[in-house]
Amino acid sequence: MGEAIAFYVISALILGFAVLVVSTRSTVHAVLFLVLNFLAVAALYVLLTAQFLAVIQVLVYAGGIVVLYLFVVMLVNLKRPPEDHSAPQRRGWLGFALSGVVLAQLAAILVWGGVGAATDSSAAQSSDLALNNVERIGMLLYADYLIPFEVASMLLLVAMVGAIILAKREL
Amino acid sequence: MITPTHYMLLSAALFIIGVAGVMMRRNIIVIFMSIELILNAVNINLVAFSYQLQNGIGQVFAIFVIAVAAAEAAVGLGIILAFYRNKETINIDEMNLMRW
């Protein structure tokens, strides 16, 4: 019962802040709603007993990526609001209608497709994955998935070099 | 009772909100934030199944998704800054340098 209440409250927060992110006119307000959305997702991770991932979510997303977005919003001088020029061939309602159709399709598949309908997720509350979360994730990350981990670190290095080259005024 | 279907419906709804933002907004910074919402929807799915199956691999892949999202944000925002320096706009309807 408590899990259900927490799930519905956190879901409402996630979806509400996500709608605010894509619908707010002011870009700075959109970034701030994005922080709240990420924090709600971190709360959902805690509900799913993924404590390490919740901390990573707060540190990397709400702490790092959002600050990057705020820097860009401050650097880009918005004297002319970006929404006032629209291409004549743009069909905004078509995108909205297509999104609605895809959402209905996904929901129908999930509800009537019988995906995980019989199982109950609250069965394994105090398991090893929940109690020794960091230890389990660390063993997986540094033993079984060592090569993907190194590839990810190389990706971050390349992205860092690329971002510096792109943002530099002249090389 | 909360089943995996609930988490998948939440994830699908968040994904669709992100897709609608990508398709309907013209501010490229908001479009990048919508892409972050989409990646978060993927992460929710991965962690929900990690919890359901009591298998840590889903969380490991969620960490990889977060790393890719950080790299994407850094490079994408660098591209936005470089483009803004040349064209003085962040409206995607005016970004047609390579179209004709």
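**Exercise 1.** How many helices and strands does the secondary structure of chain B come to?

*Solution.* The model is a predicted one. In it, chain B comes to three helices and zero strands. Read from the N terminus, the elements follow the order α-α-α.

**Exercise 2.** Determine how α2(B) and α3(B) are oriented relative to each other, and describe their contact.

*Solution.* Step one: the two helices pack at an angle of about 175 degrees, and their axes lie 8 Å apart. Step two: angles over 145 degrees count as roughly antiparallel, so α2(B) is roughly antiparallel to α3(B). Step three: α2(B) contributes residues including B:Phe32, B:Leu39 and B:Phe49, while α3(B) contributes, among them, B:Phe61, B:Val65 and B:Ile80. Step four: sorted by class, this contact has 15 nonpolar, five polar and one charged residues.

**Exercise 3.** Characterise the side of chain B that touches chain A.

*Solution.* Step one: the contact draws 63 residues from chain B and 71 residues from chain A. Step two: on the side of chain B, the elements that give two or more residues are α1 (4–24), α2 (28–53) and α3 (57–87). Step three: α3(B) supplies the largest share, 22 residues. Step four: the residues on this side divide into 44 nonpolar, 14 polar and five charged.

**Exercise 4.** Compare the radius of gyration of chain B with that of a compact globule of 100 residues.

*Solution.* Step one: such a globule would have a value near 13 Å, whereas chain B has 17 Å. Step two: along the principal axes, the C-alpha atoms of chain B fill a box of roughly 50 × 25 × 20 Å. Step three: 55% of the 100 residues of chain B count as buried.

Note on methods: Residues are numbered from 1 along each chain as its sequence is written. Chains are lettered from A and ligands numbered from 1 in the order in which they are written. This is a predicted model: local features need pLDDT of at least 70, side-chain atom pairs count only at pLDDT 80 or more; totals for chains, interfaces and linings use all residues. Two residues are in contact if their C-beta atoms, placed from the backbone, lie within 7 Å. Helices (H or I, at least four residues) and strands (E, at least two) are DSSP runs, numbered from the N terminus. Ala, Val, Leu, Ile, Met, Phe, Trp, Tyr, Cys and Pro count as nonpolar, Asp, Glu, Lys and Arg as charged, and the others, Gly among them, as polar. Axes are lines fitted to C-alpha atoms, for helices over the stretch in contact, and angles run from 0 to 180 degrees between N-to-C directions. Angles under 35 degrees count as roughly parallel, over 145 as roughly antiparallel, 65 to 115 as roughly perpendicular and the rest as oblique. The radius of gyration is taken over C-alpha atoms; the globule rule is 2.2 Å times the number of residues to the power 0.38. A residue is buried if 20 or more other C-beta atoms lie within 10 Å of its own, exposed if 12 or fewer, and partly exposed in between; C-beta atoms are placed from the backbone.
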